[in-house]
Each structure stands twice: as C-alpha cells, then as structure tokens.
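Please look over the sequence and the model shown below before reading the briefing that follows.

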Amino acid sequence: ESMLRVILIPILLPMLCLGKTINVCSSCHFTSIQKAISEADSADVIIVQAGTYREHDIIIDRPMKVMAKGNAVIDGEKKSHIVQIKSDHVTLSGFTLKNVGISFTKDLAAIIIDHSRHFRVENCTLEAAFFGIKVEKSSYVLVQNNVISSQGTNETTSGNGIHLWHCAHVNVVANHVFKMRDGIYFEFVKESSVTE
C-alpha cells in the first residue's frame with residue numbers, strides 16, 4: 001500500500017497543477033481583462049477574444065497565461081502603462097497594445113515587467129508606445145516576435161523599444177522595432193542574447 005502511494009502522488013501532482021480556461025469578450029461573463037485576471041487562480045489560462053478593450057494598468061500578479069485569440073486590441077488611451085507583470089511564470093501573447101501614456105517623469109511602457117522570472121512576451125504588436133517592453137531586475141526571459149513602434153518625433157516623446165535593466169538570462173528573438181529612441185537597450189544585463 002505504501003508503494004502504491006509513492007507511485008500515485010507524482011502522477012497526480014501535474015494534474016492538480018492544471019488551471020482552468022477563462023474567456024474574455026463583449027458577451028462573456030468577463031468583459032474586462034483586468035477583472036478576469038483578478039478573479040483567476042494561479043496556472044489559469046485567460047483567452048481574450050477579438051475586440052478592443054480600453055484598459056490600462058492591467059496587473060498580472062500570479063502565474064498564468066494571457067493570450068489573444070483573433071485581433072484583440074488593448075487601448076491604453078494614453079493614460080499610463082498598459083500591462084504590468086509582477087509574477088513569475090507568466091506568458092503574454094498575441095495582443096495589439098496601443099496608446100501608452102507619455103510622461104516626462106515616468107518611463108511608461110506598453111508592457112512593464114518587474115522582479116519576475118520565467119516569463120514570455122511574444123507575438124505582440126505595440127503601437128504608439130512611449131516605452132515598448134521594459135524589463136527590470138528579472139531573469140529567464142523570452143521576448144520574441146514582437147513589433148514595436150511609437151509616434152514620437154524626438155527623444156522626449158519616445159522611449160526605448162525593448163529596455164532591460166539589471167536582468168539576466170534574457171533571449172530577445174526576431175523582434176521588429178522602429179521609430180523608437182533606442183531599439184534595444186541593455187543596462188547591467190548578463191548572460192543574454194539578441195538574435196534575428
């Protein structure tokens with residue numbers, strides 16, 4: 001009997017770690033991305049259906065996947081950051097994020113990641129960004145297949161496309177960045193790579 005318990009526990013643990021799927025759309029139970037995230041559990045998958053979601057300062061503070069299905073647009077309405085990742089093991093994929101706030105005192109970004117590990121930002125389009133993807137004090141990062149641009153006309157009205165500060169083990173792969181102050185900016189970054 002004790003041998004049976006030892007065998008069953010490793011088999012059951014991965015099953016217990018599987019999260020549920022939550023849909024966001026104009027006719028779903030959740031019409032707000034932030035509301036869905038706030039009520040989700042760790043390891044859940046949030047699928048955002050096509051449409052425009054006028055939200056800013058969306059905070060992802062637990063492990064999960066937040067993924068667009070179809071043309072899902074998050075319009076920050078030029079108010080602030082759009083998405084803030086504050087957890088390990090997060091995937092953000094497939095969105096168009098546009099209209100980041102512009103500030104002369106804050107580095108507002110379409111996506112800002114702070115003190116996180118093991119996360120992915122991929123297949124996103126960032127339009128009218130101030131800063132695009134800003135990563136601080138984080139590690140084991142994949143930033144892949146994103147298109148990032150701003151409407152800035154000079155250094156004060158545009159930030160950096162992909163900005164990493166005090167990071168390690170970062171892979172920046174196949175991103176297209178244009179009309180930004182600096183395309184890719186590394187400061188105090190180690191054991192990382194940029195590839196086409």
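Which side chain meets that of D41 in a salt bridge? The partner is K20, and the N to O distance of this salt bridge is 3.0 Å, where a salt bridge is a side-chain nitrogen of Lys or Arg within 4 Å of a carboxyl oxygen of Asp or Glu. This is a predicted model, in which local features need pLDDT of at least 70 and side-chain atom pairs count only at pLDDT 80 or more, while totals for chains, interfaces and linings use all residues. Residues are numbered from 1 along each chain as its sequence is written, and side-chain values use heavy atoms, with hydrogens and water left out.

**Salt bridges**

- Side chains of opposite charge can pair when their charged atoms come close.
- A search of the whole structure finds 7 salt bridges.
- D41 lies in the loop between α2 (33-39) and β2 (45-53), and K20 in the loop between α1 (2-16) and β1 (21-24), so the pair ties together parts that are 21 residues apart in sequence; helices (H or I, at least four residues) and strands (E, at least two) are DSSP runs, numbered from the N terminus.
- D41 is partly exposed at a relative accessible area of 46%, and K20 is partly exposed at 39%, on a scale where buried means under 20% relative accessible area, exposed over 50%, and partly exposed in between (1.4 Å probe, protein chains only).
- K20 and D41 also belong, with D44, to a linked network of salt bridges.
- K35 and E39 form a salt bridge whose closest N and O atoms are 3.2 Å apart, and because these two residues are 4 residues apart in helix α2, they are separated by about one helical turn.
- Both ends of that pair are partly exposed, K35 with a relative accessible area of 46% and E39 with one of 43%.
- E77 forms a salt bridge with K79, with 3.6 Å between the closest N and O atoms; E77 is partly exposed at 35% relative accessibility, whereas K79 is exposed at 51%.

**Nonpolar core**

- The largest nonpolar core has 49 residues, and the members that touch the most others are I46, F95, L97 and I111; such a core is a set of buried Ala, Val, Leu, Ile, Met, Phe, Trp, Tyr and Cys residues joined through side-chain atoms within 4.5 Å.
- Leaving aside neighbours within four places in sequence, I111 is in contact (heavy atoms within 4.5 Å) with V83, I85, L92, L97, V121, L126, G132, I133 and K134.

**Surface patch**

- I184, F186 and V194 form a nonpolar patch on the surface, with about 240 Å² of accessible area together.
- Patches are made of residues with over 30% relative accessible area and no salt bridge, like charges being joined within 9 Å and nonpolar side chains (Val, Leu, Ile, Met, Phe, Trp, Tyr) within 5 Å, and accessible areas come from the Shrake-Rupley method with a 1.4 Å probe; for residues, only the protein chains shown count as cover.
- V194 lies in strand β17 (residues 193-195) and is partly exposed, with a relative accessible area of 46%.

**Positive phi values**

- N123, a residue other than glycine, has a positive phi near 60°; N123 is placed in the loop between β9 (117-122) and β10 (125-127) and is partly exposed at 40% relative accessibility.
- F188 is likewise not a glycine and has a positive phi of about 55°; F188 sits in strand β16 (residues 184-190) and counts as exposed at 55% relative accessibility.
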